[in-house]
Amino acid sequence: MSSYETALERFRKPDPWHSPATYWFWHHLPDKDTIRAQVRQMHDAGILSFQVQARLSYPIAGYLDEDYLAACRCAVETAAEHGMIVGIYDDYNWQTGHAAGRAVNGHDELRERHLFWMRIAAGNSEGALGKIRSATENLGPAAMAWHYEGGVVAWADWRTEYVLVKAPTQSTVFEQPGLVDRTEGAADGCRVHLAEPVPDEAEAIVFVSARCATSRLVNPVDPIAVDRFIEAGYQPFADALGEFFGSTVAYMFFDQPHAVYYDWEARTGDLRSAMPFHARLASSIRERWGERTPDVLAAVLDGDDPERLSLRAQFYEHFSGYAMETFLGRLRAWSHAHGLRQSGHEVLGHVGGWRLDTSFTNWDLRVNFGLDHFGVDGYRDLTAVDAQDALTQLSPVFGDSVARRHGRSGTMVEQYFLTPPQGGAPWSGHWGLSLQELRTTAINHHMQGMRQMIFHGFYQTHGHDADHASLSNPRFDFPPGINFEPWFADHYPRFALESARLSEFLEPVTPQAEVAVLYPLRTVWTAGQRGAQASATGEWTRALTEAGVGFHLVDERDLEAATVAEGAVCFGERRYRALVLPAVTTLRSAAVLAQVRRIAEAGTRVLASGTTPTVYQHGPQTAGADWAELAPAVEVLAAVPGTEALRGLAPYDGSVPTLRTPDGSAVRWRGGPESPDAFRFACFAEPGAEAGATVELVLPEGTWQVEEWMAADGTVRSLGSAESTVVLHIEPNSLRLLRARYGAEPWCGAPGTTEGYEHEDGAEWSRPQVLGSDWLLEIPDDAHEQAGTCREIEVTCGWERQGLPTFAGAADYVRRIALDAPTAVELTLPAVAGGASLSANGTRVAERAWSPYRFTIPADHLRSGSNELRIRLTPSAANRYYAGTGLRAAPEPCGLLAPPVLRRQVSPPLLDTDH
């Protein structure tokens with residue numbers, strides 16, 4: 001089999017690594033029949049990979065017991081029978097690092113410990129801190145009961161760690177441990193008594209640590225605690241499933257590993273959360289800085305001059321490196337020792353948007369892994385990120401960027417839904433999800449570097465009606481449970497196969513990305529995650545995406561080793577014609593800025609917006625002066641430029657094929673070379689794109705063979721040979737996959753067509769006939785309400801406005817049409833809320849779950865006289881599950897929202913003489 005035939009076979013039959021995956025939410029211990037049925041349901045829907053997740057409703061005491069592991073084994077055995085892949089989700093509910101409390105049971109000393117601080121003013125001889133607030137409180141009582149024994153936070157084992165005295169000039173910091181006479185700890189805080197008052201015009205900063213006596217989480221910076229977590233949370237899977245490791249069970253997956261974030265009433269300074277702490281971390285700090293330790297600790301809290309900011313950056317580099325090696329390094333070592341790959345994702349401040357501070361703004365994420373996403377990816381074999389809501393956002397392209405830095409490409413994207421529609425209650429999720437919405441989201445993620453979507457989640461049950469408590473009632477645990485959406489069974493398989501084929505099509509492509517955006521890590525360390533660099537990074541990446549200009553985020557650690565060739569800066573095999581510095585104020589050293597100078601002088605465009613460098617993490621603080629010398633070679637901008645200027649960063653040089661779209665186009669695309677003489681491009685017109693959107697496939701001189709690979713059915717059709725620009729029309733909401741190969745000979749395989757692919761075939765059609773009346777709505781006998789009923793229905797608005805506000809299941813719109821003679825008929829549904837399956841006279845025609853809802857009914861499905869049209873509509877589950885909860889302001893649309901339109905064929909299509 002040739003490489004081309006192999007690629008085509010992969011495209012036709014995508015593997016589990018490119019097909020959609022899911023978290024499988026377990027709410028109670030499933031029996032074997034349920035396990036086998038649900039695994040089969042996943043497989044049949046095109047979900048070829050899963051991770052079992054025991055959610056909050058699952059009894060915490062039963063996690064990882066003998067019955068739970070036996071159920072997991074049954075799930076893995078069933079997956080193996082179906083040729084599926086299983087990843088092991090490594091903890092209870094989410095947030096890696098507790099094993100449902102098993103890791104700290106009998107090991108109180110391993111529970112999370114945090115470093116707090118208090119300031120004591122001149123003349124005072126005592127200080128106190130209290131009213132410590134856990135970030136988990138924001139998630140409600142169910143989450144508090146998960147994180148804390150008894151659902152309450154209690155502190156113990158208070159210790160004084162550092163005592164700093166800042167001299168009157170504020171330029172000198174002394175360490176004076178003897179100043180503290182005693183520390184009185186309590187469950188909700190502590191009080192420190194000094195041996196003598198703080199000197200006049202001075203200030204004492206006392207750092208104290210405490211162990212959370214009720215927390216189920218281990219201390220993530222204590223290597224012994226991490227080893228214990230692995231023993232309690234990882235090893236049971238090896239004991240139960242070890243024979244499947246490296247085959248059906250392919251990887252371990254961590255999810256947001258972090259200690260809880262704590263704040264308190266009297267907290268001050270730049271650091272906004274307590275810091276995970278342990279004696280070994282303290283020793284490493286002493287070893288790193290010695291007598292300068294007091295200056296470093298003071299700089300973590302205070303100061304905005306270059307010297308203090310330099311120390312602050314040094315501290316976070318040390319802390320994040322220590323934390324990653326202590327926690328992630330141990331997880332990876334265990335996984336590799338057991339023949340498994342390591343995957344998972346950390347807390348992402350940019351999830352759900354473009355800015356680096358889109359989410360978790362009340363947590364100081366620097367005390368997790370320092371927000372060093374490139375560093376975290378060094379501990380993974382499979383890159384993963386999460387994405388929130390049906391939005392185009394930074395996560396997928398950031399994931400692809402960090403993967404490419406480590407010699408991989410593509411990322412898993414855990415997709416969840418959190419933000420309700422306007423008027424909806426927070427944390428109520430999105431039972432109103434349509435497959436149209438999910439498909440658009442998935443395609444956009446693929447265009448940004450997603451290899452596989454992990455949907456959050458596939459539900460074991462759909463919860464109960466008794467309450468609508470967030471998280472504890474499975475119904476409202478980050479809904480929707482995709483398999484309980486009415487459209488899932490009939491329509492999800494088409495989506496899954498299209499997504500998988502798109503992923504396979506893009507797999508060998510090196511995407512055309514001409515712009516490198518420097519991830520401002522050290523500026524994050526000095527300015528915090530909410531600094532100007534957070535918005536500037538978001539503005540640049542969003543604008544580049546909307547302008548259709550390919551980019552990657554790049555790591556400053558790679559900048560010094562970069563080379564320049566032919567006006568492009570090269571990071572290994574990655575080449576960029578422009579380098580963007582988004583409000584970067586802190587760089588590692590003068591060597592980095594010197595490299596930026598060399599890059600600019602060699603012809604690569606260097607652009608900077610917002611604030612500019614003033615701090616070096618290492619070395620003399622000459623960044624401001626060095627930048628002033630460099631500035632003439634750099635384009636310093638007040639704001640991100642417009643589309644035309646952004647496209648000018650990647651001028652077409654005529655040597656390779658590319659795609660070009662008009663300004664303001666709603667067409668998204670991704671593509672590049674698969675080999676030196678073959679190129680692939682995927683292009684997608686957003687659902688709201690104007691009819692007749694176009695793209696130009698720009699080809700260099702010579703003869704090129706152009707093919708279209710059809711994601712709907714896996715066939716390939718030749719578009720012929722071309723020697724110049726090819727203009728392609730793209731219908732709204734359509735996906736087109738193009739391959740251009742240099743050479744005069746076309747591929748010799750048989751071309752094909754695909755169901756649902758519309759093209760001009762020379763047929764003539766009658767004037768449109770609006771079917772605005774005479775419709776019936778029939779509800780099946782097994783419906784959750786209104787079972788077996790039939791009623792007249794209008795097709796100008798949904799059924800939720802016609803007496804069925806809480807019905808959200810399958811229902812049939814039925815109407816008869818009269819034909820003089822059998823002839824092909826085209827039926828278009830202009831506005832639909834849900835998936836639609838069309839039958840004519842009892843014979844299936846086709847299914848559509850996204851626009852255009854256009855069906856061609858063959859003549860042999862019809863007859864002279866009266867014909868029955870039956871449109872089965874499957875909406876979202878929103879109106880069923882939100883009914884009576886107060887979580888939605890009004891019912892969501894269901895069914896046909898505008899009258900269907902009919903056209904009859906009045907002359908047959910022209911014969912295709914080319915085939």
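A strand here is a DSSP run of E, at least two residues long, and strands are numbered from the N terminus. With that in hand I opened the model, which is a predicted one.

**Entry 1**

I began with strand 18, which runs over residues 450–459 and contains Gly457.

Where does Pro852 sit? I found Pro852 in the loop between strand 45 (843–848) and strand 46 (853–857).

**Entry 2: positive phi**

Next I checked phi angles. Most residues other than glycine have a negative phi, so I noted the exceptions I came across.

Asp389 is one of them: not a glycine, yet its phi is positive, about 70 degrees. I placed Asp389 in the loop that connects strand 16 (384–388) to helix 12. Is Asp389 buried or exposed? Its relative accessible area is 8%, and the cut-off for buried is under 20%, so Asp389 counts as buried.

Glu566 is another non-glycine residue with a positive phi, near 55 degrees. I found Glu566 in the loop between strand 21 (563–565) and strand 22 (568–571). Its relative accessibility is 79%, and exposed means over 50%, so Glu566 goes down as exposed.

**Entry 3: helix 12**

Among the buried ones are Pro396, Val397, Phe398, Asp400 and Arg404. After helix 12 comes Gly407, and its phi is positive too, near 80 degrees.

**Entry 4: Gln95**

My last stop was Gln95, in the loop between strand 3 (85–89) and strand 4 (113–121). With a relative accessible area of 3%, Gln95 is buried. I wanted to know what surrounds it. Leaving out residues up to four places away in sequence, Gln95 touches several residues, including Tyr89, Trp146, Leu217, Asp255 and Val260. His147 is on that list as well. The side chains of Gln95 and His147 are joined by a polar contact of 3.0 Å.

Conventions:
Residues numbered from 1 in each chain as written. Heavy atoms only, no water. Buried < 20%, exposed > 50% of the residue type's maximum accessible area, 1.4 Å probe, protein only. Helix = DSSP H or I, 4+ residues; strand = E, 2+ residues; numbered from the N terminus. Polar contact = N/O pair within 3.5 Å; in protein donor to acceptor, adjacent residues only side chain to side chain. Contact = heavy atoms within 4.5 Å.
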